[in-house]
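Subject: Structure handover

Hello,

I am passing on the structure we discussed, with notes on what turned up when I went through it. Please read the notes with the model open beside you.

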Amino acid sequence: MRGKPSWGTLLITLGLVVGSVIMLVPLYWMFVMSFRPKTEIFNLAAPIWPSRTSLEGFRTLFESYPVLRWIENTAVVAAISSAITVSLSLLAGYAFAKLRFWGRDVLFVLFLSTIMVPIQVIMVPEFFVLSWFHLLNSNWGVILPRCAEAFGIFMTRQFMLTIPDELIEAGRLDGASELGIFIRIVLPLCKPLIGVLLVFAVVWRWNDFAWPLVVFTDQAKFMLQVGLNYLKGDPNPDWNSIMALAVIALTPMLILFLFCQRLFVQGIAGTGLKQ
Amino acid sequence: MTRQEPPPLHRKAQRMAWRKARQRLVPYMFVLPQLSLFSVFMFFPLGYALFISFHDWDMVGQPTFIGVANFVRLANDQVFWFALRNTLVYVAGTVPLSIGAGLLLANALNRPMRGRSIFRSVFFLPVVVSAVVTALAATWIFNDNYGLLNRLLIFIGFAPVNWLSSPGWSMVSLILTTIWLRLGFCMTIYLAALQTIPSALYEAARIDGANKLQLFFTVTIPMLRPTTLFLTIICVIYSFHVFDLIFVMTGGGPGYSTVVLVQYIYNMAFQTSEMGYACAIGMALFALILFFTIVRWATSRRSEVSA
């Protein structure tokens, strides 16, 4: 197979290179614009490579908006929400995969079918539920509703089906309680799954927009994605600062991707294979 | 001293029965936390949305029952039909293109080649990029005057296109941006599925004299059918759900040319405070998604039975 590459291989490689450039240019341009002086944003003569750098965009951003608070809120929501989602999904997924109980399959299908429901369909009633609990403009107002997440349960069930029943039976014969079996026998086997679930939950909650948009009306309490939309909604948007905020919102996720790419691939590949 | 001890056997049986009853409850304890969250934040709101959809409610006063008036209004609402059409155009534009491109990409990146893992990472990258950030980045690609794409078109001697300010092209921009976001997802699922095709199938077809193209159409595509079905269902659902990207990138404009159903619901609920009508649109959308999912699932079942 070695030797000089065929024309077909060359063409495919060329296509892949062009495709990669298309994938990277929008993000590249975002970074370039965020580190430019404001005067060069609408200057068509400015080069498309990074020329004069300036932190002006970041400075005005932090001076005009409570960005640190937005970052903090986003991080808190992503951390708490993913911790809750993952723990509860593990519990429920285990029951659906390994325990027998009346109504199990109906309940599972019911959970799973909520994947079809767009958040907007239940936005109005959910808004009232939150106001009854006094959760509007609070982080818990974003955290709790989004923990009712079917993907985690689905993925956990798929994974746990592969755990041999004999292990669990052995635990029962040793007289361990069901919770004991779950914690001491099942969870240690689920380390790869837990990693996958965690990175996805963190990214989803960090990137959430539609629901936080409804929950937060107070600018001082926004999350990052809502803040981005808010800045863009200005009648005279300051694109330099918007791009700076976009860079702030994106960079932690890029770092996560850099270190956990395998987990992302496993998670997505795993859902596709088994249905 | 007349009190008699119950016979030990009886007590043991009682304890056994109690243990058994508890044993039966244990699974529900595992499901209970998620079940309560789902009940409060999903099942109850769904039922309540159906209830509100038969009412007139501006959020401040009490809801008044108006029967099916909201649904009659829906049928005569031109913007609703616009939004429905836009939603279907968006679904029809994004689903086949992202799945098809994902399939080609997965095949290109399945062979041993230099830099394969870097290419895979690059195409997969958008999985962590939020729709809002994507929309902002894409605005500077498609902007009529300052966007990179028009600058490129002018540079190589073409006429610039009104990507975001003309009704037809703004939908095209949204579809292209969505493919940018979703391509890597489809590619990754196909790549995983390609590993499961037994190489013996390719060997056999090659012995029969099939060329590369024939291998692709007679082995790869049929073997990937379950994956394609899964991707179609997921992508259709995602496309029906699209909100963030359109809300930030075009806001539904110009005019109503890119308003989709989910955004129309949002506008009705939180901009004009017509809660009843918003819920009615929501119910229509939910019925539509349910219909698509069931049809796609049923037709695939039939073809699998006949195959």
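Helices (H or I, at least four residues) and strands (E, at least two) are DSSP runs, numbered from the N terminus. By that rule, Pro254(B) is in the loop between α11 (244–249) and α12 (261–270) of chain B. Most residues other than glycine have a negative phi, and most peptide bonds are trans.

This is a predicted model, in which local features need pLDDT of at least 70 and side-chain atom pairs count only at pLDDT 80 or more, while totals for chains, interfaces and linings use all residues. Residues are numbered from 1 along each chain as its sequence is written, and chains are lettered from A and ligands numbered from 1 in the order in which they are written.

Confidence

The predictor gives the complex an ipTM of 0.91 and a pTM of 0.89. For chain B the mean pLDDT (the predictor's confidence in each residue, from 0 to 100) is 88, and 95% of the residues of chain B reach 70 or more. Where pLDDT is low, the predicted coordinates should not be read in detail.

Chain A as a whole

Chain A has 13 helices and zero strands. The C-alpha trace of chain A spans about 75 × 70 × 30 Å along its principal axes. The radius of gyration of chain A is 24 Å, whereas a compact globule of 275 residues would have one near 19 Å; the radius is taken over C-alpha atoms, and the globule rule is 2.2 Å times the number of residues to the power 0.38.

Of the 275 residues of chain A, 42% count as buried. A residue is buried if 20 or more other C-beta atoms lie within 10 Å of its own, exposed if 12 or fewer, and partly exposed in between, with C-beta atoms placed from the backbone. Two residues are in contact if their C-beta atoms, placed in that way, lie within 7 Å. Among the contacts in chain A with a separation of 6 or more, 73% are between residues 24 or more positions apart.

Domains

Chain A is divided into domain 1 (7–54) and domain 2 (64–273), with bounds that come from an automatic or database domain assignment. Their centres, taken over C-alpha atoms, are separated by 33 Å. Seven residues from domain 1 of chain A and six residues from domain 2 of chain A make up the contact. On the domain 1 side there are four nonpolar, one polar and two charged residues. Here Ala, Val, Leu, Ile, Met, Phe, Trp, Tyr, Cys and Pro count as nonpolar, Asp, Glu, Lys and Arg as charged, and the others, Gly among them, as polar.

Core and interface

The largest nonpolar core has 158 residues, and those with the most contacts inside it are Leu245(A), Ala246(A), Ile265(B) and Ile281(B). Such a core is a set of buried Ala, Val, Leu, Ile, Met, Phe, Trp, Tyr and Cys residues joined through C-beta atoms within 7 Å. Helix α13 (residues 239–273) of chain A gives the most to this core, with 17 residues. Not counting residues up to four places away in sequence, Leu245(A) touches Leu61(A), Val67(A), Gly227(A), Leu228(A) and Leu231(A).

Between the chains, 68 residues of chain A are in contact with 68 residues of chain B. Again α13(A) gives the most to the chain A side, with 15 residues. That side divides into 54 nonpolar, 11 polar and three charged residues.

Covered and open helices

In helix α7 (residues 150–160) of chain A, nine of the 11 residues are buried, including Phe154(A) and Arg157(A). Helix α8 (residues 199–207) of chain B lies largely in the open, because the number buried among its nine residues is zero. Just after α8(B), Gly209(B) takes a positive phi of about 90°.

Backbone points in chain A

The loop between α5 (123–132) and α6 (139–147) of chain A holds His134(A), and Asn137(A) is found in that loop too. His134(A) has a positive phi of about 55° although it is not a glycine. Asn137(A), also a residue other than glycine, has a positive phi near 60°. His134(A) is exposed, with 10 other C-beta atoms within 10 Å, while Asn137(A) counts as partly exposed, with 14 C-beta neighbours inside 10 Å.

Regards
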